[in-house]
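Here is a short briefing on one protein chain.

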Amino acid sequence: MNPRPAASSAFSDVMALAGSLVAIAVGMMFAIAGKDAVIVFHGWLFTAAAAIVALIALNRMRGKGPDVDPTAYVDGPVRVATVATVFWGVVGFLVGDIIAWQLAFPILNFDLPWTSFARLRPVHTSAVIFAFGGNALLATSFYIVQRTCRARLAGSWAPWFVIWGYQLFLVLAASGYVLGVTQSKEYAEPEWYVDLWLTLVWVVYFLVFIGTLARRKEPHIYVANWFLLAFIVTVAILHLVNNAALPVSFLGTKSYIIYTGVQDAMTQWWYGHNAVGFFLTAGFLGMMYYFVPKRAERPVYSDRLSIVHFWSLIFLYIWAGPHHLHYTALPDWAQTLGATFSVMLWMPSWGGMINGLMTLSGAWDKLRTDPVIRMLVVSVAFYGMSTFEGPLMSVKAVNSLSHYTDWTIGHVHSGALGWVGFVSFGAVYCLVPWLWGRKGLYSMKLVEWHFWISTLGILLYITAMWVSGILQGLMWRAYDSLGFLEYSFVESVEAMHPFYIIRALGGLLFVIGALLMAWNLWRTVYGEEPADMRDQPRIAAAPELREPAAAVRPLAAE
């Protein structure tokens, strides 16, 4: 193994030490002078994290750090993010199932503020979307961009800062929710100082990604990188605009968003819908465009369709947010604009689904023998279903029945569990043997069990919420012969009880599937040979740095 270049390494170590010392000073300021208990706690947490980085930097400056091979890919941060994906996935799914049982049996709130639905619900949404999904995107984006560009990640400390800085953001956000600190904005609950930290992490993430693209040895940029770059850039813009806030005190947690009234609502759902569109769709489409061809050992079905898919999706999605505000104070033309662009999204969304599914042309037999490719393909099917249902629900006539009901919850989870969950599971099942140099997964039978248990859980969940939501909508709009509401709100809640139990059971099955995955990957990483090599599909390992990426084609005209 070749030692790392001394001059550049020493400079990066000095910069890391200087940055960590500044972070220690900021953390100590919050810890000592903070005006409330939560920011004091977060100050000490931030200080401890910065101190660990300072010790590592000092150790490296003394020549005791590990040598780095400049001819190899940078896979250490990818391994950390992969482990974090599994960990946060289990946490997020478990908390989600706990609050599902709380809705069915409110006594499970235990009359404690820290265990109440109101505080655990943002922990669930953030843990699943930003912790599980975000770490999956970090791991796969760093892995994909290196292999498809045949270039190492840019920076020495920067990739590590992105991964561990993001974990610190997640811990600060989740602990703040449990302790009652929130902006009360959907998918954007962290307070101002946590948002600032995420902004810094995200800027470095962008610089690492774009720097790796700039040093690529391939003449073309593969389509997965287009989607990943769009996800990184657009999420940064969404975050900065939606979270613009003024803190009451620089040493306190509380802040106020600069927007008011309908402008605040419009900005929030421009952010909220495009968090779905770019964080949970564009980023994971980048994942799909690498792992489906790689696992199927087939080229992408159509490069031309991938180009059309990318540009039409990117242009149309950004306009669709107003459909969340039908029948509100938002001007009618803006509501109609959002619905129109939502319906237009059918075309690019289904174009991407068709491209993903048709990539298996000539390899459909793998669905019988490889549960990992089956999981990836079913995720694409759920993507198609969710992107049909979403535009349908944006039409005002349908929205008048569906909005504010459990139908929306079912729709969100068909995408979150079926599309985001399954494509992430499939990617992780591919990554772990490659990253840790194993011959295969410990047990393909456990992957089979994971697939079927989780699929059953998803179906129980979304069908219960579909029936529950339509029943809710019909009960809320039912009038008697005198023009009075036929049902009280309490009666509609009472009618939901059996469906909430079914939903919680479905969530429990999904948690069990995630635990099976965690056990399988644990046994894989810690040196267990596959239980039966005959069950292992013959998938080529990840290409070395000097070789082009196998089973994927550059983004070029056909």
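This is a predicted model: local features need pLDDT of at least 70, side-chain atom pairs count only at pLDDT 80 or more; totals for chains, interfaces and linings use all residues.

Residues are numbered from 1 along each chain as its sequence is written, and side-chain values use heavy atoms, with hydrogens and water left out.

**Helix α4 against helix α15**

- Helix α4 covers residues 117-149, and it packs on α15 at an angle of about 40°, with the axes 10 Å apart.
- Axes are lines fitted to C-alpha atoms, for helices over the stretch in contact, and angles run from 0 to 180 degrees between N-to-C directions.
- The crossing of α4 past α15 is left-handed (the near helix is turned anticlockwise from the far one by less than a right angle; clockwise would be right-handed).
- From α4, the contact uses His124, Phe132, Ala136, Thr140 and Tyr143.
- Their partners in α15 include His413, Val420, Phe425, Leu431 and Trp434.
- Contact means heavy atoms within 4.5 Å.
- By class, the contact of α4 with α15 has nine nonpolar, five polar and no charged residues.
- Ala, Val, Leu, Ile, Met, Phe, Trp, Tyr, Cys and Pro count as nonpolar, Asp, Glu, Lys and Arg as charged, and the others, Gly among them, as polar.

**Helix α13 against helix α15**

- Helix α13 (residues 371-394) packs on helix α15 (residues 406-435) at about 155°, and their axes are 8 Å apart.
- The two helices are therefore roughly antiparallel.
- α13 also passes α15 in a left-handed crossing.
- The contact of α13 with α15 divides into 17 nonpolar, nine polar and one charged residues.
- Ser379 sits in α13.
- Ser379 is buried, at 0% relative accessibility (buried is under 20% relative accessible area, exposed over 50%, partly exposed in between, with a 1.4 Å probe and protein chains only).
- Neighbours within four places in sequence aside, Ser379 is in contact with Gly418, Trp419, Phe422 and Val423.

**Overall fold**

- The protein chain has 17 helices and two strands.
- Helices (H or I, at least four residues) and strands (E, at least two) are DSSP runs, numbered from the N terminus.
- The radius of gyration is 24 Å, which agrees with the value near 24 Å for a compact globule of 558 residues.
- That radius is taken over C-alpha atoms, and the globule rule is 2.2 Å times the number of residues to the power 0.38.
- The C-alpha trace spans about 85 × 65 × 45 Å along its principal axes.
- Of the 558 residues, 55% count as buried.
- Among contacts with a separation of 6 or more, 83% join residues 24 or more positions apart.

**Single residues**

- Tyr327 lies in the loop between α9 (303-317) and α10 (332-344).
- Phi of Tyr327 is near 60°, a positive value in a residue other than glycine.
- Tyr327 is exposed, with a relative accessible area of 54%.
- Tyr404 lies in the loop between α14 (396-402) and α15.
- Tyr404 has a positive phi of about 70°, although it is not a glycine.
- Tyr404 is exposed, at 59% relative accessibility.
- Ala236 belongs to helix α7 (residues 223-242) and is partly exposed at 25% relative accessibility.

How values were computed. Angles under 35 degrees count as roughly parallel, over 145 as roughly antiparallel, 65 to 115 as roughly perpendicular and the rest as oblique.
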